[in-house]
Amino acid sequence: MKKLKNKWFYLNSFFIYLILIIVAIVLSVLFLETEIKAYFISNFTANMPAYSNGTKIVVLDEDTLAKYPKWNKDLYIELLDYFKTYAKPKVLGVDFIAPSIDPDNKSDMKFLELISSMDNYVSGFVPEKGDVDPELLDYMKLFEQKYSVNIVGSPYYSDTQYYKVSGVPEKYLNGVDNLASVVIKPEKDGGIIFSSINLIQIGETYYPSLPLRMYLYANNTNDIEINDYYIVVPKTKLKIPHKLIYGGVVKTDIRFYDNILFKTSQDDIIRSDFSHDVVSAYKIIDSYRNLKAGKPQPSDIPPEVFNDVAVFIGEYTSGPSSDFVKTPMSNRHPGVDVQATVYDNLVSNDFINNANLFINFFVLAIIAILTFIFIFRFSFIKSLLAVLILDVIFFIICALCARNAYILGFICPITAQLVTLIFGYSYKFITENRYKEKIKQAMGKYLSQDVMKNVVRNIDDLKLGGKRATVTVLFSDIRGFTSLSEKMSAEEVSMILNEYFAEMEPIITKYNGVINKFIGDAVMAIFGEPIQDLNHAQNAVKCAYEMLKKVEYLRDKWLFEGKPKIEIGVGINTGEVFIGNIGTETRMEYTVIGDTVNLASRIESYNKVYRTNLLVSCSTYEAIADIADVIKISEVQIRGKAKKMNIYEVLRIDLNKK
């Protein structure tokens, strides 16, 4: 039964531990994982410059608006015509949704004509939730035919939430060859952006993101494969790792890059908000106008710097329509720079890889197991130090992995370790207390429970020595036990003694006595210490009187069972003793020593001489005179005493009187 209880205890403990681990991990993932992941990405992953072939960014910034306060489509035309006529980028990505087109507006039609003539022009659209209006079915069908990717192999569909698009005038469908999704969404509302949506499912068709569309154009392909782990571009053999496809979006973690450092006119080193080379749009327009007029070009931005590279055009202004997002690199990261970063990830085949579930679980299990080992093998301080060293090593490993664009789960193992620490020390405390209680119960069978309690109470101050105190010492002895033991086997003797002591011990305890030792068939008990009792002399005599009554019951019982008849004698003395620990530093015994003890033993021996059962000293008699009937035995010569002394036989005692 005990083994079964222990098994249930261990099983219940294990299941409680698992529940605590699961709850703690869920809470930590909900509230902490994003911040921890952002820390590793921002501090260790972004350790290299952006794509070396030099992706460029042109921004509509505050300087541009200061020079051209009324930004209009004519200025936009000049900006784009610069890249068509003079600069020759490989691909031109515009991080805006398509502007509206008015057929009656010359600028609008000129703009449409221009972008329709630019094969490398890629602009944006935004997917929308909800059903498609019936009158737009033909529009969406044409949109799908022109701008979706070609899925090679088995399609990989999910329950999408998107069925239509916005921001794309119908006239675009006839003129513009490349449109892509410009949606960038955080992991949760208001949170940090870790991932790009490289593919988005609208209806039953997939559309690429702006960077992916630019990559496909640059490599003259529109074919995509999708499997459980990768988006594959067969022509270039590019494998883009993705997260679980859910809600119609296919996400890939972004490998961010170091922001550019530049020197100001005061020779101060400033960190840019961008990780790519950035040019203000007004400089491009000024350069364009100079080229048109045959004037010299600014030396810092000749058209040749844009040749055969990817160019992104985006916004970099403050205000309600500002295009800033929150990333691990910055709380105000320009959206166009994020798009350029995703493009560089694709071109350089440089992605963040997240450790899979098995690896993360393996790491968590190793840390939890090592923590358990530290808790149960080392002392408290040493185990905490070992756990701290383990955490430092784990942090370094995570940092090194992050530096190589491999993200190990950090928060879940540390959370599991914290739960393990709390549970482990609690479990250790409970089991050790249970074990100590078992030891106390076991030792209590060798020592008095009260002595044991005194030892436990002073466990940190155990030493040799003690104090002087006035106590009452009781000795009891079985008459003729030696001759009885010669007639019986050792087993029979032990059975009789065990039953006898079992009956005597509760009586002694009842009267606040402490059994100091069993000496063969004799019992030595102390009253007054360590249990404080002002009436220790009276209680000792009452105890002896009840012991004699119990022996009468045992005698009749044993005679009926065919066992030998026994008698006991009791001697009691009250006086000053030394009580405490004696022995050595490694082996102590809690006992009493002194003449009072010796006298109690010798008084007990006179029961054989006077054929009595209960004798007390004169000092004990003085304390019980009011509650006992006695016979004085005068001038007894006690061995070891120079003078004779009086002892008293107790005939009766009033157990209820104090």
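Student: Where does N349 lie?
Tutor: N349 lies in the loop between α10 and β19 (353-354). Helices (H or I, at least four residues) and strands (E, at least two) are DSSP runs, numbered from the N terminus.

Student: And what is phi of N349 near?
Tutor: Near 50°. That is a positive value, in a residue other than glycine.

Student: What sort of model is this?
Tutor: It is a predicted model, where local features need pLDDT of at least 70 and side-chain atom pairs pLDDT 80 or more, while totals for chains, interfaces and linings use all residues. Residues are numbered from 1 along each chain as its sequence is written, and side-chain values use heavy atoms, without hydrogens and water.

Student: OK, P530. Is the peptide bond from E529 cis or trans?
Tutor: Cis, with omega near -5°. P530 sits in the loop between β23 (522-527) and α17 (536-560).

Student: New topic. At what angle do α4 and α9 cross?
Tutor: Roughly 70°. The axes (lines fitted to C-alpha atoms over the stretch in contact; angles run from 0 to 180 degrees between N-to-C directions) of α4 (residues 73-85) and α9 (residues 281-293) come within 9 Å. The two helices are therefore roughly perpendicular, a label for 65 to 115 degrees.

Student: Which residues in α4 meet α9?
Tutor: L75, E78, L79, D81, Y82 and F83. On the α9 side they meet A281, I284, I285, S287, Y288, R289 and L291. Contact means heavy atoms within 4.5 Å.

Student: How many residues of that contact are nonpolar, polar and charged?
Tutor: 9 are nonpolar, 1 is polar and 3 are charged. Ala, Val, Leu, Ile, Met, Phe, Trp, Tyr, Cys and Pro count as nonpolar; Asp, Glu, Lys and Arg as charged; the others, Gly among them, as polar.

Student: Now the open sheet of 4 strands. What's the order?
Tutor: β4-β9-β10-β11, with mixed pairing. Strands pair if DSSP finds at least two bridges between them.

Student: Why is one side of β4 and of β11 left without a neighbour in the sheet?
Tutor: β4 (150-151) and β11 (238-241) stand at the edges, so each has a single partner strand.

Student: In what sense do β9 and β10 pair?
Tutor: Antiparallel, over 2 bridges. β9 covers residues 223-226 and β10 residues 230-233. The bridge partner of E225 is V232 in β10.

Student: Which strands does α8 touch?
Tutor: β9, β10 and β11. Helix α8 (residues 210-218) packs on the sheet, and its direction makes about 125° with that of β9.

Definitions and conventions:
Angles under 35 degrees count as roughly parallel, over 145 as roughly antiparallel, 65 to 115 as roughly perpendicular and the rest as oblique.
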